[in-house]
Amino acid sequence: MMSSDSAHDHLSGLDAFLGSVTGVDLISELYGETEATLVYDVHTSIPAIGTQRTAEFFHLAQGRIDTIRLIFDATPWHAVLQAATPS
């Protein structure tokens, strides 16, 4: 599986991911004074992925987001990333 800590590789991977997104359906929004949680389905054009159920947790400090936790099952992505990595 491809792995890199460089900002360039991360942004390139993000661009590729966004290019495969065909839609997003918001399922739930939960808000507190210093936190928010969104649950949504990300629809992709990648048959092995299909729809990715995702939860995103935001923590606020001094009125600004200081932490974002993205939660999803990465298992279907393992084969996709391995197939995309040159041998």
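This is a predicted model: local features need pLDDT of at least 70, side-chain atom pairs count only at pLDDT 80 or more; totals for chains, interfaces and linings use all residues.
**View 1. Thr 44, tucked away in strand S2.** Thr 44 belongs to S2, the strand covering residues 35-44. Its relative accessibility is 11%, and buried means under 20%, so Thr 44 counts as buried. Look for its side chain reaching the backbone nitrogen of Ile 46, at 3.3 Å. Setting aside neighbours within four places in sequence, Thr 44 is also in contact with Ser 20, Val 21, Thr 22, Ile 49 and Gly 50.

**View 2. The hairpin of S2 and S3.** Here S2 runs antiparallel to S3 (residues 51-61), with nine bridges joining the two strands. Six residues sit between them, and Gly 50 in that turn shows a positive phi of about 65°. Gly 50 is also one of the contacts of Thr 44.

**View 3. Phe 58 and its partners on either strand.** Phe 58 in S3 stands opposite Ala 36, and its bridge partner in S4 is Ile 68. S3 and S4 (residues 64-72) pair in the antiparallel sense over eight bridges.

View 4. Leu 14 lies in helix H1, which spans residues 7-20. With a relative accessible area of 35%, Leu 14 is partly exposed.

Methods. Residues are numbered from 1 along each chain as its sequence is written. Side-chain values use heavy atoms; hydrogens and water are left out. Helices (H or I, at least four residues) and strands (E, at least two) are DSSP runs, numbered from the N terminus. Buried means under 20% relative accessible area, exposed over 50%, partly exposed in between (1.4 Å probe, protein chains only). A polar contact is a pair of N or O atoms within 3.5 Å; within protein, one must be able to donate a hydrogen and the other to accept it, and residues adjacent in sequence count only if both atoms are side-chain atoms. Contact means heavy atoms within 4.5 Å. Two strands pair if DSSP finds at least two bridges between them.
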